[in-house]
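Take a look at the model below.

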Amino acid sequence: MDTTTGSIVPPASLEGPLQIGAETFGDRTVQADGSPTSHAQVIREVVKEAVAAEEAGLDFFGIGEHHRPDFAISAPDVVLAAAAQATSTIRLGSGVTVLSSDDPVRVYERFATVDALSNRRAEIIAGRGSFIESFPLFGYDLRDYEELFEEKLDLLAQLLEQQPLDWEGKLRPSLKGATLFPEIEDAGRLFTWVGVGGSPQSVIRAARHGLPLFLAIIGGDPLAFKPLAGLYRRALEEMGRPAQPIGAHVHGFVAQTDREALTTLWPHYQRSMDQVGADRGWPPYTKGQFMAAAEEDGSLAVGSPDTVAEKLARVAGGLGLSRLDVKYSAGTLPHADQLRSIELLGTEVKPRVLELLTK
């Protein structure tokens, strides 16, 4: 494996070109005969998808954290460690780490380990997540939802800046002179984003800690997030903090034609939405909703390379993004289809997006 630093993709920055990445939640797929893939096999296939993303020329590969039967990955950092050994250049990170129900000290140490194994390619996207299963699983009270994230993000942000660290909190034992290991190589720091949904308060919180912002775009017109991006930039300026990159993720799928992409994705996306909707009291997901989301101003980046490139360029340019990730997994969508989507995203979509953004 080539681990020379000159070949490693740097973190997203304000000055560099847009970075494009791929993300997965380790959705439990189906095999050719329609039978469900085992969780173990899905995890092994995700490592192969990380390799495919690197080979396609993508800049980032992210793995989400869930604790429910329709997703295979509950420990993204462990899978990222495996991906670190199977790749050499692509950046690797969470999407997201559910910080509210985790321990910031352990999060830091685990990702410092991934950073070592990957030769400085690890990233954390710390968020609250869109599912709540981890709270009772790890003994947290949902009534503390807001305070848990506030306090734990404060601790993580301080660990990124200062060690040894003295720290006091209400929901976690205090620290006195804490130094964490392994140390980050070359006196570096872990590149860490704050993942947010649509809350202005969350945007202000990210600015207050001086951390890059990552927007989770899962519905509606992505450009509806433009006021939040502007709020974040103004907040940084008013707080006297340096400007920071903004990233975002959208759900998507790429095939050779629009028709093929829509036809392939629809039944798997519908199944996924209905499974989540059953837990949350949503009505059944309709084909009309799906097709509306696939329109130019919709949240789904699905279609041919040209169609997806135009949508990603619209989103990235409109929001002033430094990185844009596509969540390519979609419920039971088979591994082979995911691999092909990753390949097209890197080899055809990415160069077209970069070309569109320079016009």
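Contact here means heavy atoms within 4.5 Å. Helix α6 spans residues 200–208, and its buried residues are Ser202, Val203, Arg205, Ala206 and Ala207. Buried means under 20% relative accessible area, exposed means over 50%, and partly exposed lies in between (1.4 Å probe, protein chains only). Helices (H or I, at least four residues) and strands (E, at least two) are DSSP runs, numbered from the N terminus. Just after α6, Gly210 takes a positive phi of about 70°.

This is a predicted model: local features need pLDDT of at least 70, side-chain atom pairs count only at pLDDT 80 or more, and totals for chains, interfaces and linings use all residues. Residues are numbered from 1 along each chain as its sequence is written, and side-chain values use heavy atoms, with hydrogens and water left out.

## The largest pocket

The largest pocket has a volume of about 820 Å³. Of the 42 residues that line the largest pocket, Phe25, Gly129, Ser130, Phe131 and Ile218 are the closest to its centre. A pocket is found on a 1 Å grid over the protein atoms alone: it is an open set of points with protein on both sides within 12 Å along at least five of seven lines. A cavity is a set of points where a 1.4 Å probe fits but cannot get out, and lining residues have an atom within 4 Å of a point. Grid points are joined across faces, edges and corners, and a volume is the space filled by probe spheres set on the points.

Which elements supply at least two residues each of this lining? They are β5 (122–127), β8, β9, β10 (246–254) and α8 (258–280). The largest share, 5 residues, comes from α8. By class, the lining has 17 nonpolar, 17 polar and 8 charged residues. Ala, Val, Leu, Ile, Met, Phe, Trp, Tyr, Cys and Pro count as nonpolar, Asp, Glu, Lys and Arg as charged, and the others, Gly among them, as polar.

## The second pocket and Ile184

The second largest pocket has a volume of about 220 Å³. Its lining holds 13 residues, and Tyr108, Leu159, Gln163, Ile184 and Gly188 lie nearest its centre. Helix α5 gives the largest share, 3 residues.

Ile184 sits in the loop between β7 (175–178) and β8. Ile184 is buried, with a relative accessible area of 9%. Leaving out residues up to four places away in sequence, Ile184 touches Tyr108, Ala112, Asp115, Arg120, Arg189 and Leu190. Ile184 and Thr113 are 71 residues apart in sequence, yet 8.6 Å apart in space, C-alpha to C-alpha.

## The cavity

A search of the whole structure finds 1 cavity of 30 Å³ or more. The largest cavity holds about 40 Å³ of space. Helix α1 (residues 39–55) gives the most to its lining, with 4 residues.

## Rings and charges

The whole structure has 10 aromatic pairs. Rings of Phe, Tyr and Trp (its six-membered ring) pair if their centres lie within 6.5 Å; planes under 30 degrees apart count as stacked, over 60 as edge-to-face and the rest as tilted. Phe71 and Phe131 form an edge-to-face pair, 6.0 Å centre to centre with 70° between the planes. Phe71 lies in the loop between β2 (60–63) and α2 (76–86) and Phe131 in the loop between β5 and α4 (134–137), so the pair ties together parts that are 60 residues apart in sequence. Both Phe71 and Phe131 are buried.

The charged end of Arg280 sits over the ring of Phe131, 4.6 Å from its centre. Arg323 lies over the face of Phe60, at 3.6 Å from the ring centre. A charge sits over a ring if NZ of Lys or CZ of Arg is within 6 Å of the ring centre and within 35 degrees of the ring normal.

## Backbone exceptions

Most residues other than glycine have a negative phi, and most peptide bonds are trans. A cis peptide bond joins Gln163 and Pro164, with omega about 0°. Another cis peptide bond joins Gly95 and Val96, with omega about 10°.

Asn119 has a positive phi, near 60°. Asn119 is buried, at 17% relative accessible area. Phi of Asp186 is also positive, near 60°. Asp186 counts as exposed, at 69% relative accessibility.
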